[in-house]
Amino acid sequence: MARMDRVAILGVPMDLGAGRRGVDMGPSALRYARLLEGLEALGFWVEDLGDVRVPLAETLRRRGGMAYLEEIRQAALELKERLRALPEGVFPIVLGGDHSLSMGSVSGVARGRVGVLWVDAHADFNTPETSPSGNIHGMPLAVLSGLGHPRLVEAFAAVDPKDIVLIGVRSVDPGEARLLREQGVKVYTMHEVDRLGVARIAEEALAHLEGLSLHVSLDADVLDPALAPGVGTPVPGGLSYREAHLLMEILAESGRVKSLDLVEVNPVLDERNRTAEMMVGLALSLLGKRIL
């Protein structure tokens, strides 16, 4: 597939789906880490489209159960509509924000079948019935697969679960594990990363999704927290610097990735913007930056 030469950046400053505040500042941190300049240095024409409108949690009344469901739904719908309005041939990069935004990004870029590479410490495959916390950022992949709250499923279901590959997972709730097996989602936990290596996993994932354009949803907490401390839900034992870059480099070589999320960067918990800088570096590797 031909390289896309235009990139559109769109921020979603939202932390309503998370249990911990701060990821609403992620888009600013990623921009400050010189994402635009890095893309331009690779030869891309880049347009920053600003941010989706998201209300501040302080201005809202937290309700029981699925907190902020309608506000999250509205922000994800705006994201979906803005992505669908992009001209063909533009590569969108969505800056988060908590992972619930990916309901809007994946459904917004899905024109027919799309393969989804969900690179994350968590499976994000909970439903209201299985979730221990009720936080919506743990549910987007299930919603995209047609499972979960009807208000979300009706707006965002867009993916066949068999067209999803999870990579780097190491924290899965019992209900999620059952649903993942039942739905036929391909999952590479950190156990498989250790045993098989990232190169083999990347090649197997590409083969599993053969013939499909790909969306990569990259959660900062897939990285080991020693490298990337600025995340709300850190889990020890994540991807190393080279494992993460190698994964992005192999995906870049395929020429099939057509859109990207960078989510769950929490500057409040970071050290001198290290996590945002790591995520920008991975995005540049995915879009073709090489060592030589």
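Visitor: Which are the buried residues of helix 3?

Guide: They are Leu69, Glu71, Ile72, Arg73, Ala75, Ala76, Leu77, Glu78, Leu79, Lys80 and Leu83. Buried means under 20% relative accessible area; exposed is over 50%, and partly exposed lies in between (1.4 Å probe, protein chains only). This is a predicted model, where local features need pLDDT of at least 70, side-chain atom pairs count only at pLDDT 80 or more, and totals for chains, interfaces and linings use all residues. Residues are numbered from 1 along each chain as its sequence is written, and side-chain values use heavy atoms, with hydrogens and water left out.

Visitor: What do the buried residues of helix 3 pack against?

Guide: Strand 1 (6–12), strand 3, helix 4 and helix 6 (150–156). Helices (H or I, at least four residues) and strands (E, at least two) are DSSP runs, numbered from the N terminus.

Visitor: Why is helix 3 called roughly parallel to helix 4?

Guide: Helix 3 (residues 69–84) and helix 4 (residues 102–109) pack at an angle of about 25 degrees, with their axes 7 Å apart. Angles under 35 degrees count as roughly parallel, over 145 as roughly antiparallel, 65 to 115 as roughly perpendicular and the rest as oblique. Therefore helix 3 is roughly parallel to helix 4.

Visitor: Which residues of helix 3 and helix 4 make the contact?

Guide: Helix 3 brings Ile72, Ala76, Leu79, Lys80, Leu83 and Arg84. Helix 4 brings Met103, Gly104, Ser105, Ser107, Gly108 and Val109. Contact means heavy atoms within 4.5 Å.

Visitor: What makes Leu86 count as buried?

Guide: Its relative accessibility is 16%, so Leu86 counts as buried. Leu86 sits in the loop between helix 3 and strand 3 (90–96). Beyond its neighbours within four places in sequence, Leu86 is in contact with Ala8, Leu49, Pro92 and Arg111.

Visitor: How far apart are Leu86 and Val109?

Guide: They are 23 residues apart in sequence and 9.3 Å apart in space, C-alpha to C-alpha.

Visitor: How do you know whether Glu249 is buried or exposed?

Guide: Glu249 has a relative accessible area of 17%, so Glu249 is buried. Glu249 belongs to helix 10 (residues 241–254). Not counting residues up to four places away in sequence, Glu249 touches Arg242 and Ser285.

Visitor: At what angle does helix 9 pack with helix 10?

Guide: Helix 9 (residues 198–208) and helix 10 pack at about 35 degrees, with their axes 9 Å apart. Val198, Ala199, Ala202 and Leu206 of helix 9 meet Glu243, Leu246, Leu247, Ile250, Leu251 and Ser254 of helix 10.

Key:
Axes fitted to C-alpha atoms, helices over the stretch in contact; angles between N-to-C directions.
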